[in-house]
Amino acid sequence: MSNPINPFFSVSPDLTTPQLEQFITTTDYGDMGDRFDDLFGDARKMEGIEAASFARVLSSSDVHTILDCSCGTGIQALGLAELGFRVFASDLSERMTHILMNKCRNRQISILVKVSDFRDLQEWGNDQFDCVLSGGNSLSVLPDYAEMVRAIRSMANHTRRNGIVLVGGRDYTVPKRREESVYARGIRLITDGTGASASPEWIVDFRLYGRDRVQVMHTFVRPQEDGLAVERYAMSMMYVTVSDVIAAMEESGLQEIEAYDATGSKKYVDGEWYIVRGLKESQN
Ligand SMILES: C[S@@+](CC[C@H](N)C(=O)[O-])C[C@H]1O[C@@H](n2cnc3c(N)ncnc32)[C@H](O)[C@@H]1O
């Protein structure tokens with residue numbers, strides 16, 4: 001693949017998955033803990049944006065209860081709860097669930113939070129919700145497409161009849177085509193508490209595009225006396241396109257499947273971020 005910026009320099013070495021795995025420092029978002037929110041600059045603002053997008057997609061459906069089955073630190077769950085939905089949340093990572101529980105306590109938001117794998121959601125027993133959602137491209141961390149179908153089936157199993165399954169994802173084949181291997185998320189100023197001094201922290205994603213998966217290294221860089229302090233968390237994600245999610249929803253028996261852009265206001269045409277909606281069963 002040619003590089004539009006520098007034709008002599010390949011930014012997409014097309015590594016195989018085992019080659020990519022050599023660079024993995026962690027495979028679990030739980031390892032990021034509180035650092036996860038720093039990726040967004042202003043996590044509260046992000047909550048509002050994400051919740052508004054999902055709510056737009058749900059606006060024509062009768063939805064009051066929502067299970068966010070990959071809640072992380074609560075970007076979607078908290079935002080939706082603040083919009084008035086009755087939210088339940090789970091995640092595979094105990095650490096992430098603790099972060100969300102603390103936020104709920106501090107902000108006096110009531111969300112029942114559990115540790116649960118979205119491939120079976122067995123901790124939710126026979127509970128069914130008006131909507132089960134997975135946002136933030138969480139399904140892409142799974143090993144393969146078959147596991148994604150398993151996750152969407154279990155989401156559908158916990159959705160009531162005529163309820164909605166929602167998947168918010170990111171199609172990494174789009175930046176792969178653009179040869180975008182470095183993505184500047186932003187810069188944070190870290191003050192010493194008194195405000196007398198502030199030091200910058202750059203937050204950058206370095207990406208290695210493999211054949212079947214992309215490895216994203218969330219990297220935090222700070223100047224220090226003898227050089228740079230670097231903290232990084234590397235995640236391996238499969239490429240999940242809108243067509244993949246639609247196919248997985250069809251295999252899971254969902255109907256009236258529709259794909260939207262990241263804002264939830266327009267039908268999906270192309271782009272990196274998307275929301276796909278499927279109906280559990282039709283009225284008849
Ligand atoms: C990219 S984060 C997204 C979190 C949140 N939805 C957001 O958008 O900020 C992916 C989340 O999925 C969780 N996760 C990964 N595998 C999972 C699984 N098998 N079952 C449930 N959660 C899982 C991770 O622990 C992590 O919190």
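This is a predicted model. Look at helix H6 to begin with. Its buried residues are Met148, Val149, Ala151, Ile152, Ser154 and Met155. Why might they be spaced like that? In general, an α-helix has 3.6 residues a turn, so residues three or four places apart point the same way.

H6 itself has 13 residues and reaches 18 Å from its first C-alpha to its last, close to the 18 Å expected at 1.5 Å a residue.

What covers the buried residues of H6? The cover includes strand S4, residues 129-134, strand S5, residues 159-170, and helix H8, residues 242-251.

Now the core. The largest nonpolar core has 62 residues, and those with the most contacts inside it are Ile66, Ala77, Val87, Cys131 and Leu166. Helix H6, residues 145-157, gives the most to this core, with five residues. The core also draws at least three residues from each of domain 1 (16-31 + 174-238) and domain 2 (38-170 + 240-280).

Take Cys131 as an example. Leaving aside neighbours within four places in sequence, Cys131 is in contact with Leu58, Val63, Ile66, Thr159, Gly163, Ile164 and Leu166.

Last, the whole chain. The protein chain has eight helices and eleven strands, and 39% of its 284 residues count as buried. The C-alpha atoms fill a box of roughly 65 × 50 × 30 Å along the principal axes. A compact globule with 284 residues would have a radius of gyration near 19 Å, and the protein chain has 19 Å, which agrees.

That is what I have. Questions, please.

Technical notes
Residues are numbered from 1 along each chain as its sequence is written. This is a predicted model: local features need pLDDT of at least 70, side-chain atom pairs count only at pLDDT 80 or more; totals for chains, interfaces and linings use all residues. A nonpolar core is a set of buried Ala, Val, Leu, Ile, Met, Phe, Trp, Tyr and Cys residues joined through C-beta atoms within 7 Å. A residue is buried if 20 or more other C-beta atoms lie within 10 Å of its own, exposed if 12 or fewer, and partly exposed in between; C-beta atoms are placed from the backbone. Helices (H or I, at least four residues) and strands (E, at least two) are DSSP runs, numbered from the N terminus. Domain bounds come from an automatic or database domain assignment. Two residues are in contact if their C-beta atoms, placed from the backbone, lie within 7 Å. The expected span of a helix is 1.5 Å times one less than its number of residues. The radius of gyration is taken over C-alpha atoms; the globule rule is 2.2 Å times the number of residues to the power 0.38.
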